[in-house]
Amino acid sequence: MSESLKNKLTKMFSDHKVGTLATIRENRPYSRFMIFFHEGLTLYTATNQHTHKIEDIKANPHVHILLGMENTSWNEPYAEIEAEAIVEESQELKNKFWDDKLSEWIKSPEDPEYLLLKLSPTSIRYYEKAGSEAEIWTE
């Protein structure tokens, strides 16, 4: 992967926090909006241990993420991300990625029901804007 593409992706990941996470449930896709954090190209998202997405990921760890283009303009970058999801239990990472916005669903970084999903990309299609040609990163 070119350093230029990696820089574009990490900037976009920093600038756009809300996206969709799709899992497979009963052989059908199921999407929901999530708040994303990142270290390099690895994405993280917080969830409660009692959500359906945890069951979905245990059955099939392959997920799809859409991130970017949060405003009304079609001229913003976005990415289509194929990834493998695992539950990350590191308290250090839970603390690092804690955001007060999560308190609506999770009490605190120490809440025993707080799970962090680690989303390791296998393929990323980056678009500078709607209609542009994709730049592709693969594992």
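The entries below keep the order in which I looked things up.

**Entry 1: ground rules.** I am working on a predicted model, in which local features need pLDDT of at least 70 and side-chain atom pairs count only at pLDDT 80 or more, while totals for chains, interfaces and linings use all residues. I number residues from 1 along each chain as its sequence is written, and I take side-chain values over heavy atoms, with hydrogens and water left out.

**Entry 2: overall fold.** I found three helices and seven strands in the protein, with helices (H or I, at least four residues) and strands (E, at least two) taken as DSSP runs numbered from the N terminus. Read from the N terminus on, the order of elements is α-β-β-β-α-β-β-α-β-β. The C-alpha trace spans about 45 × 35 × 30 Å along its principal axes.

For burial I used relative accessible area with a 1.4 Å probe and protein chains only, where buried means under 20%, exposed over 50%, and partly exposed in between. On that scale 42% of the 139 residues count as buried. Contact here means heavy atoms within 4.5 Å, and among the contacts with a separation of 6 or more, 62% come from residues 24 or more positions apart.

**Entry 3: strand 5 and its neighbours.** Two strands are called paired if DSSP finds at least two bridges between them. Strand 5 (residues 78-88) runs antiparallel to strand 4, and seven bridges join the two; strand 5 is also antiparallel to strand 6 (residues 114-127), with eleven bridges between them.

I then looked at alanine 83, which is found in strand 5 and stands opposite proline 121 in strand 6. Is alanine 83 buried or exposed? Alanine 83 is buried, because its relative accessible area is 2%. Leaving aside residues up to four places away in sequence, alanine 83 touches Pro61, His62, Val63, Ile65, Leu119, Ser120, Pro121 and Thr122. I also noted the C-alpha to C-alpha distance from alanine 83 to isoleucine 124, which is 8.6 Å for residues 41 apart in sequence.

**Entry 4: loop residues.** Glutamate 26 lies in the loop between strand 1 and strand 2, and its phi is near 50 degrees, a positive value in a residue other than glycine. Asparagine 27 lies in the loop between strand 1 and strand 2, with phi near 65 degrees, again positive in a residue other than glycine. Glutamate 26 counts as exposed because its relative accessibility is 72%, and asparagine 27 counts as exposed at 76%.

Serine 132 has its place in the loop between strand 6 and strand 7 (135-138), and with a relative accessible area of 22% serine 132 is partly exposed. Serine 132 and proline 77 lie 9.5 Å apart, C-alpha to C-alpha, although 55 residues separate them in sequence.

**Entry 5: pockets.** A pocket, on a 1 Å grid over the protein atoms alone, is an open set of points where a 1.4 Å probe fits, with protein on both sides within 12 Å along at least five of seven lines, and lining residues have an atom within 4 Å of a point. Points are joined across faces, edges and corners, and a volume is the space filled by probe spheres set on them.

The largest pocket has a volume of about 210 Å³, and its lining includes Phe33, Thr45, Lys53 and Trp105. Which element gives the largest share of that lining? Strand 3 does, with four residues. By class, where Ala, Val, Leu, Ile, Met, Phe, Trp, Tyr, Cys and Pro count as nonpolar, Asp, Glu, Lys and Arg as charged, and the others, Gly among them, as polar, this lining divides into seven nonpolar, four polar and one charged.

The second largest pocket has a volume of about 160 Å³, and Phe33, Leu66, Glu70 and Tyr78 are among its lining residues. Strand 1 (18-25) and strand 4 (62-68) each supply at least two residues of that lining, which has six nonpolar, three polar and one charged residues.
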